[in-house]
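Let me put the sequence and the model on the screen, and then we can walk through a couple of spots together.

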Amino acid sequence: MILTQRKESYNKNKLFFEEAREGHLDVLFLGSSHVINGINPIDLYEKYGITSYNLGGHGSLLKESYWQLIRALDYCKPEYVVVDCYMMDRNYDYIDEMYEDSSDELKATSISQLHLNLDAYPLSKVKIAEVNDLVHDPKVRMQYLFDFSIYHSRWSDLDKDDFEIFRGKTDYNRLMGATMRTSVNDYADEGVAYDPGLRLPEHTVNEEYLMKIIDECQRDGIGILVTYLPFAGEDNDIMASNSAGDIAAVYGVPYINMMAMPDLIDMQTDLADHGHLSITGASKVTDYIGQWLRDNTALADHRFDDYHHIIDDLSESYDAMIFNDSVYSSDFLAQLNLLTMGRVSFCLFVSEDSPALSDPRFRHLVSNLSGTDRIEEAGATGDQYFLLEDRGRGTKYEAAGYESLEAMDTSMGLMDYIPVEKLFRFLYKESDKDTNYLYDDDHTEDDIQLIIYDNETGDILTHMYVSSASHYSFENH
């Protein structure tokens with residue numbers, strides 16, 4: 001039966017079972033995909049030494065988060081639980097029924113998503129109670145309690161990874177339950193303005209389950225933090241975020257409403273789509289929560305504990321992933337955003353009259369990267385633009401129009417930048433003036449160049465020639 005089962009739930013929860021049984025998890029995160037994509041336990045460990053697991057589930061309501069907590073408590077007792085309140089406005093009892101006008105497709109999606117939370121857990125009284133509470137149709141309940149009923153026909157879909165589970169080598173989530181998204185939202189999506197006066201018009205099922213989560217934590221002596229993570233929300237989301245704060249206040253528990261913090265994330269760079277944070281947004285949110293936990297709890301810093309070598313290995317793997325994506329991303333605009341994470345150094349050049357200079361999305365990404373508005377100046381006049389940031393030396397240089405830069409201190413050596421005309425400019429090491437890094441006869445039509453190099457050695461890792469007229473298509477060299 002294990003062979004034919006889908007492995008997603010096992011992959012996501014493998015390290016939870018292992019680390020929970022060892023007593024290595026101080027914090028559990030509960031919520032929907034907003035939590036999966038928005039809180040990174042590896043970041044939290046790297047910056048604050050706090051050990052945690054992300055138990056968020058795609059499409060999970062607070063009712064599901066409650067049961068996720070109850071099941072998790074069979075394996076560990078965390079010091080703190082952080083629960084997010086997205087979708088607290090939903091007011092129905094069963095995921096397979098929802099509202100009267102809910103589409104069959106939406107119900108089917110919700111039924112499928114619950115498998116991520118449940119499949120990895122063995123049959124137990126708690127699992128039976130959870131399924132009965134979440135699902136109304138007895139036939140649908142069976143697929144969670146005896147999942148062979150739906151997976152036995154997967155024989156034709158099996159691949160090598162399905163068999164690896166018997167060798168203990170199956171793939172698994174290496175971000176302690178989280179999933180980071182490196183893409184950037186395709187369009188500016190600010191959502192509605194925050195209004196502190198909005199409240200949900202009725203008491204919902206999921207409000208009730210937020211209360212049950214708080215009750216359970218307080219009864220067990222577990223600290224709890226209630227959150228509402230940021231995204232481009234609508235009025236019902238603002239209502240839910242404010243109503244969650246009211247409930248937290250009644251119980252006397254802390255609440256962080258990030259919908260009321262317009263400056264916490266940049267909606268144009270920190271969202272992967274309308275509702276989910278990108279990796280840079282997750283970094284900011286995780287850092288905010290980590291700082292709160294450091295300032296308001298007595299959670300230990302485990303970065304120097306010998307027995308946490310597993311998380312140290314995961315941290316190295318995560319850093320390598322960011323490094324690799326920063327250098328070899330297949331999405332140029334997403335790569336500009338990844339460069340803000342500082343794993344590599346770079347040089348960006350935009351030609352005079354480049355179509356990219358008229359693209360507000362491109363200009364915003366570059367401005368976010370540089371920390372200045374110089375790209376906006378270039379955009380207004382159509383002038384060429386240059387930016388170099390050396391993370392090894394801690395130096396940054398920027399120029400617009402025909403401004404030159406001399407003796408730039410970089411890990412490649414001292415460098416000079418001299419614009420001559422629209423199709424010709426110099427970038428060379430002062431120790432090697434014969435090598436011009438910004439000219440190539442085969443790429444005179446490409447209006448953007450991005451050179452990425454190693455922070456310490458100065459070795460060039462990739463040189464990208466980009467055509468903004470062709471939707472930022474590029475070649476790597």
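**A cavity and a strand**

Let's begin with the largest cavity, whose lining is made up of H34, L229, P230, G275, H276 and L277. Please keep in mind that this is a predicted model. How much volume does the largest cavity have? About 30 Å³. With a threshold of 30 Å³ or more, the count is one cavity. If you sort the lining of the largest cavity by class, you get three nonpolar residues, three polar ones and no charged ones. As background, rolling a probe the size of a water molecule over the atoms shows where empty space is left.

Now over to strand β12, which covers residues 448–453. Is it buried or exposed? Mostly covered, with six of its six residues buried. You can see this on both faces: I448, L450 and I452 are buried on one side, and Q449, I451 and Y453 are buried on the other.

So who are the neighbors? Strand β6, residues 345–350, runs antiparallel to β12, and six bridges join the two. Strand β13, residues 460–467, is also antiparallel to β12, again with six bridges.

Last stop, the hairpin of β12 and β13. How many residues lie between the strands? There are six, and in this hairpin G458 takes a positive phi near 80°.

Methods: Residues numbered from 1 in each chain as written. Predicted model: local features only at pLDDT ≥ 70, side-chain atom pairs only at ≥ 80, totals over all residues. Heavy atoms only, no water. 1 Å grid on protein atoms, 1.4 Å probe; cavity = no way out; pocket = protein on both sides within 12 Å on 5 of 7 lines; lining within 4 Å. Points joined across faces, edges and corners; volume = space filled by probe spheres on them. Nonpolar A, V, L, I, M, F, W, Y, C, P; charged D, E, K, R; others polar. Buried < 20%, exposed > 50% of the residue type's maximum accessible area, 1.4 Å probe, protein only. Helix = DSSP H or I, 4+ residues; strand = E, 2+ residues; numbered from the N terminus. Pairing = 2+ DSSP bridges.
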